[in-house]
Amino acid sequence: MLNPPNPRYYGTEHEAFRATVRRFAEREIAPHADAWDEAGQFPRELYKSAAAIGLLGTGFPEEYGGTPCDHFHGLVLAEELARRGGSGGVSASLMSHTIGAPPIVAGGSAELKARVLPGILAGEKISALAVTEAGGGSDVAQLATTARREGDHYAVNGSKMFITSGMRADWYTVAVRTGGPGASGVSLLLVERDTPGFTRTGLRKMGWWASDTAALYFDDCRVPASNLIGGEGQAFPLIMRNFNGERLSLAASACGFAQACLDDAAEYARQRKTFGQPLIGHQVIRHKLVDMVERIEATRALLDDLAARLDAGEQPVAQTAMAKNYAARTMQFCADAAVQILGGSGYMRGVRVERIYREVKVMMIGGGAEEILKDLAARQLGF
Ligand SMILES: Cc1cc2nc3c(=O)[nH]c(=O)nc-3n(C[C@H](O)[C@H](O)[C@H](O)COP(=O)(O)OP(=O)(O)OC[C@H]3O[C@@H](n4cnc5c(N)ncnc54)[C@H](O)[C@@H]3O)c2cc1C
């Protein structure tokens, strides 16, 4: 077997979970990935079937329908969904609650949590996170959408951009400005989809076609004050903590997609014949495959180390940022090599590596762009 999971970290419980995720992704996602890409969405029922086998609840508190677990389960989930499902768009939207819901868990009132989390973890309601704005995504402290307190409501005005699950989410965890300039003026508000004054427009994109990315508009949208997550001006630590979780899971996804590229390229190279021998008989091709394995193994080792540190209670912020960058570059390298090995076939719509190739750049931009994460790592490392 190519680069098997490190037995130092992955026990029978993790491997049983891996088998569950794998079965789900191979049966419920992979056969439909092309059709869903072309349709620009996937059926809502997929949330319920993922919830039914515990995928949506992974890492969430038991009292709301979740299953608390270590960080290796999180890695397994993101990596297997990517490797076996083969669709970044499906992974992103199906799991958008992993960025929308953690701030509710960490900062929401008991009433708010009981009201919204069970439905989200049961796959009945979709959760999204809305931080980025058209005026700027990286510089979160400068966000301009305002929420003005009026009695027992907030009046929200402004807009959000590039929001995953933006068209059909039921609950939006929205970063708003309730106070003065800078990070200390930022709060999080939970906005329900049918709130008057809240509208959405779908966006077409390079990849992640199956994901309903949207621009959100708030025009005097009145949100109950009880939907405030954490106190006023308390959002920044929640948002930053959330980013770390998102980066770890994007990195594991990127590693899974890189592995999918390797799987497909190795299989093709064994079957395809050129100049009287299988493609894999040519040293140049074997070297390309080894180059892919090298990077995937290094990425997985980084991720395993990160998960072990997180489970030990460390907060490896710089290492998380660097691992996300490294994993995205691994995916970029492997997608490029796989399309090249498949030749013309790799360039055709409906071929998995073609889709993954289109999905590389979002991994280098979303959840903190490469340059921003290097800056973060540099600050953390004291450079
Ligand atoms: C498909 C997709 C889905 C997304 N989903 C979500 C979502 O669900 N929720 C959400 O809130 N956001 C989402 N985003 C937004 C994403 O997080 C942002 O695009 C990202 O943070 C970058 O912000 P920006 O696009 O505004 O780029 P900008 O901040 O304008 O930056 C543009 C470029 O300049 C670089 N740059 C910026 N500042 C510096 C600097 N100081 N030094 C050097 N380089 C710099 C950046 O790295 C980037 O390459 C999504 C984006 C995409 C494409």
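With which side chain does the side chain of Glu354 make a polar contact? The partner is the side chain of Arg358, at 2.9 Å. This is a predicted model.

**Ligand shell**
- The ligand has 19 residues around it, and Thr132, Gly137, Ser138, Phe162 and Glu371 come nearest.
- By class, the shell holds 11 nonpolar, seven polar and one charged residues.
- Four elements each supply at least two shell residues: strand 1 (127-130), strand 3 (153-163), helix 13 (360-365) and helix 14 (370-380).
- Domain 2 (127-233) and domain 3 (237-380) each give at least three residues to the shell.

**Polar pairs at the ligand**
- Thr132 places a polar side-chain atom 2.7 Å from a ligand nitrogen atom.
- Ser138 has a side-chain N or O atom 2.6 Å from an oxygen atom of the ligand.
- For Glu371, a polar side-chain atom lies 2.7 Å from an oxygen atom of the ligand.
- On its own, the ligand has 970 Å² of accessible area, and the protein covers 64% of this.

**Helix 4**
- Helix 4 spans residues 71-85, 15 residues in total.
- From first C-alpha to last, helix 4 reaches 21 Å, close to the 21 Å expected at 1.5 Å a residue.
- Helix 4 is mostly covered, with 13 of its 15 residues buried.
- Asp70 sits at the start of the helix, where one of its side-chain oxygens comes within 3.1 Å of the backbone nitrogen of Phe72.
- At the other end, just after helix 4, Gly86 has a positive phi of about 70°.

**Glu354**
- Glu354 belongs to helix 12 (residues 352-358).
- Its relative accessible area is 11%, so Glu354 is buried.
- The polar contact to Arg358 is made side chain to side chain.
- In an α-helix, with 3.6 residues a turn, residues three or four places apart point the same way.

**Glu294**
- Is Glu294 buried, exposed or partly exposed? Its relative accessibility is 49%, so Glu294 counts as partly exposed.
- Glu294 is part of helix 10 (residues 283-311).
- Thr330 is 36 residues away from Glu294 along the chain, yet their C-alpha atoms are separated by 9.4 Å.

Technical notes: Residues numbered from 1 in each chain as written. Predicted model: local features only at pLDDT ≥ 70, side-chain atom pairs only at ≥ 80, totals over all residues. Heavy atoms only, no water. Near = heavy atom within 4 Å. Polar contact = N/O pair within 3.5 Å; in protein donor to acceptor, adjacent residues only side chain to side chain. Areas by Shrake-Rupley, 256 points an atom, 1.4 Å probe, with all protein chains shown as cover. Nonpolar A, V, L, I, M, F, W, Y, C, P; charged D, E, K, R; others polar. Domains from an automatic or database assignment. Expected span 1.5 Å × (residues − 1). Buried < 20%, exposed > 50% of the residue type's maximum accessible area, 1.4 Å probe, protein only.
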